[in-house]
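Welcome, and please bring up your viewer. We will go from one selection to the next and look at what is there.

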Amino acid sequence: MPAPMLQSTVLGVPCRRGKVRDVYDLGDRLVIVASDRISAFDWVLPTGIPDKGKILTQMTLFWLDFLQVPNHFLSTDLKEMGPAFADQHEQLAGRTMLVRKTQVVPIECVVRGYLAGSGWKEYRQSGTVCRQKLPARLREGERLPEPIFTPATKAESGHDENIPFEQMAAEVGDLAHELKRRSIDIYVRAAEYAGGRGILLADTKFEWGLLPSGEAILIDEVLTPDSSRYWPGETYVPGASPPSYDKQFVRDWLEQSGWDKNSPPPPLPEDVVTRTGAKYLEALTRLTQ
């Protein structure tokens with residue numbers, strides 16, 4: 001098993017590091033490097049998942065090509081990013097994208113086709129998701145009558161917070177209606193494709209950015225297991241939360257490890273790393289081959 005790439009190093013270029021991605025600023029463009037870091041319960045874990053960043057990047061590129069919607073992607077050619085990146089081929093190849101810089105819309109555009117996660121928690125309490133009334137007696141994991149748009153605030157740390165559409169509209173104006181329409185359209189097309197490959201796209205979140213012209217384009221990762229809830233169709237049964245193609249093994253192990261979630265998390269055992277990496281790879285393989 002190769003060693004995970006936990007942090008990229010490109011000298012002389014300003015860099016901002018998120019939970020998973022290292023973002024280098026070239027002025028009018030950005031370079032996004034997907035590391036092998038993995039986060040859970042709002043902590044970045046000390047153990048990475050080998051090649052996870054490459055899988056996330058490949059999946060994003062696949063979906064951008066499939067969807068054919070205006071987006072920020074420019075190139076994966078390290079030479080186009082400059083000598084500092086071309087000289088780091090071994091650490092950056094397969095996990096790096098040159099993209100257009102945008103003004104990021106400060107809202108996570110979440111689309112849900114099934115009742116799960118925070119949506120299920122709210123529904124049990126009030127029969128709503130993001131204050132949208134849903135039919136009574138729905139079960140956990142059940143398919144919704146139609147996909148719903150449930151925006152959320154973008155949190156720098158901690159959990160994103162679900163907000164009503166009216167609050168999004170108050171923050172970004174008429175753009176809210178355009179992003180709602182476009183996000184639902186992408187979800188519907190992606191869910192139909194994934195369903196044909198035996199995978200259910202339960203929900204996903206999109207990020208959008210504005211070009212200087214004012215045009216909104218799709219940015220960041222797209223329809224990856226880190227930004228989406230994918231379920232294997234062959235084992236899906238409404239009434240429970242199905243196993244996901246994501247960091248489920250990591251969360252399960254942490255829950256039973258005795259970790260208090262308030263102090264630095266413990267290293268992951270090798271079998272959890274291996275099984276998690278296999279899930280990410282399986283999702284990529286089933287969707288793209």
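Is Ser35 buried or exposed? Select Ser35 to begin: Ser35 is buried, with a relative accessible area of 0%. Keep in mind along the way that this is a predicted model. Ser35 belongs to the loop that runs between strand S3 (29-34) and strand S4 (39-40). Show the surroundings as well: leaving out residues up to four places away in sequence, Ser35 touches Met5, Leu6, Val20, Lys52, Gly53 and Arg95.

**Second stop: Asp22**

Next, pick Asp22 in strand S2 (residues 21-25). Asp22 has 0% relative accessibility and so counts as buried, the limit being under 20%. Which side chains make polar contacts with the side chain of Asp22? One is the side chain of Ser8, at 2.7 Å, and another is that of Arg37, at 2.8 Å. If you widen the selection, neighbours within four places in sequence aside, you will find Asp22 in contact with Gln7, Ser8, Cys15, Arg16, Arg17, Val31, Ile32, Val33 and Arg37.

Now display the rings; the structure holds 14 aromatic pairs. Start with Tyr24 and Phe85, whose ring centres are 5.5 Å apart and whose planes stand at 85°, so this pair is edge-to-face. Since Tyr24 lies in strand S2 and Phe85 in helix H2 (residues 83-86), the pair ties together parts that are 61 residues apart in sequence. Tyr24 is buried, at a relative accessible area of 1%, and Phe85 counts as buried at 1% relative accessibility.

Move on to Tyr114 and Trp231: here the ring centres are 5.5 Å apart and the planes meet at 70°, so this pair is edge-to-face. Tyr114 sits in strand S9 (residues 107-114) and Trp231 in strand S16 (residues 228-232), so the pair links parts that are 117 residues apart in sequence. Both Tyr114 and Trp231 are buried.

For a group of rings, select Phe62, Trp63, Phe66 and Tyr193, which form one aromatic cluster.

Go to Phe249, where Arg275 lies over the face of the ring, at 4.1 Å from the ring centre. Then select Phe165: the charged end of Lys180 sits over this ring, 5.0 Å from its centre.

To see where the helices meet, colour Phe165, Met168, Ala169 and Val172 in H5, and Leu175, Ala176, His177, Leu179 and Lys180 in H6.

**Last stop: Ile199**

Finish at Ile199, in strand S14 (residues 199-210). Ile199 is buried, with 1% relative accessible area. Which residues does Ile199 touch, not counting those up to four places away in sequence? They are Ala194, Tyr230, Trp231, Gly233, Tyr245, Ala283, Arg286 and Leu287. Draw a distance from Ile199 to Tyr245: the two are 46 residues apart in sequence and 9.4 Å apart in space, C-alpha to C-alpha.

Conventions
Residues are numbered from 1 along each chain as its sequence is written. This is a predicted model: local features need pLDDT of at least 70, side-chain atom pairs count only at pLDDT 80 or more; totals for chains, interfaces and linings use all residues. Side-chain values use heavy atoms; hydrogens and water are left out. Helices (H or I, at least four residues) and strands (E, at least two) are DSSP runs, numbered from the N terminus. Buried means under 20% relative accessible area, exposed over 50%, partly exposed in between (1.4 Å probe, protein chains only). A polar contact is a pair of N or O atoms within 3.5 Å; within protein, one must be able to donate a hydrogen and the other to accept it, and residues adjacent in sequence count only if both atoms are side-chain atoms. Contact means heavy atoms within 4.5 Å. Rings of Phe, Tyr and Trp (its six-membered ring) pair if their centres lie within 6.5 Å; planes under 30 degrees apart count as stacked, over 60 as edge-to-face and the rest as tilted. A charge sits over a ring if NZ of Lys or CZ of Arg is within 6 Å of the ring centre and within 35 degrees of the ring normal.
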